[in-house]
Amino acid sequence: MAENTTGLSTIDVRDAMSATGNGAYSSLKSGTMLEKARLYNAMSNPDHKVGDFINQTIVVKDVYVEAIELTDDDTGDTQIAPRVVLIDTNGKAYQAVSRGVFNALTRLIQTFGEPTWEDGLPLRVRQISLGKNQMLTLEVDVEAL
């Protein structure tokens, strides 16, 4: 893992889902005190939930991903899940604990390269059905490019 100037280790986003559950990825690379404060606030207290923006477009500039441990209330079993924070061009943060958003993000990075996406990448939040379940995902809003 390489250390970037924000003090967070930069790793492949897939590594954030490693068995250790301690992985984190941040696309924010600069290290002024203001930028570090914005990253901390986005990580700790996002402004919005991604699920509140279904069928709306978020113009994403940066991302933060971490692996978190969730406990099933019924069984007590734990599993590792991705927590994704999307940061828009205005610095607002949108959080989702969602494999669908995480998988979409990894494909976006494969296609568009790693953020920071300076002009922002317009991403429309979608909710799709998977049998009896629902899943959030992201698609590029080509009309907003």
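**Close-up views of a predicted model**

**View A. The lining of the largest pocket comprises eight charged, seven polar and five nonpolar residues.** Nonpolar here covers Ala, Val, Leu, Ile, Met, Phe, Trp, Tyr, Cys and Pro; charged covers Asp, Glu, Lys and Arg; the others, Gly among them, are polar. The model is predicted: local features need pLDDT of at least 70, side-chain atom pairs need pLDDT 80 or more, and totals for chains, interfaces and linings use all residues. Numbering starts from 1 along each chain as its sequence is written, and side-chain values use heavy atoms, without hydrogens or water. The volume of the largest pocket is about 420 Å³. Its lining has 20 residues, and L28, R38, D62, I87 and G91 are the closest to the centre. A pocket is an open set of points on a 1 Å grid over the protein atoms alone, where a 1.4 Å probe fits, with protein on both sides within 12 Å along at least five of seven lines; lining residues have an atom within 4 Å of a point. Volume is the space filled by probe spheres set on the points, which are joined across faces, edges and corners.

**View B. α1 gives the largest share of this lining, five residues.** At least two lining residues come from each of α1 (33-44), β5 and β6. Helices (H or I, at least four residues) and strands (E, at least two) are DSSP runs, numbered from the N terminus.

**View C. β6 pairs antiparallel with β5 and with β7.** Pairing requires at least two DSSP bridges. Eleven bridges link β5 (residues 57-71) to β6; I68 faces A81 there. Six residues separate these strands in a hairpin, and G76 in the turn has a positive phi of about 80°. Five bridges link β6 to β7 (residues 93-97), with L86 partnered by Y94. This second hairpin has four residues between its strands, and G91 in the turn has a positive phi of about 85°. Of the eleven residues in β6 (78-88), eight are buried (under 20% relative accessible area, 1.4 Å probe, protein chains only).

**View D. L86 and L138 touch the most other members of the largest nonpolar core, which has 23 residues.** Two or more core residues come from each of β5, β6, β7, α2 (99-112), β8 (121-130) and β9 (133-140). α2 contributes the most, six. A nonpolar core joins buried Ala, Val, Leu, Ile, Met, Phe, Trp, Tyr and Cys residues through side-chain atoms within 4.5 Å.

**View E. L138 touches L86, V101, A104, L108, L123, R124 and V125, leaving aside residues up to four places away in sequence.** Contact means heavy atoms within 4.5 Å.

Methods: Buried means under 20% relative accessible area, exposed over 50%, partly exposed in between (1.4 Å probe, protein chains only).
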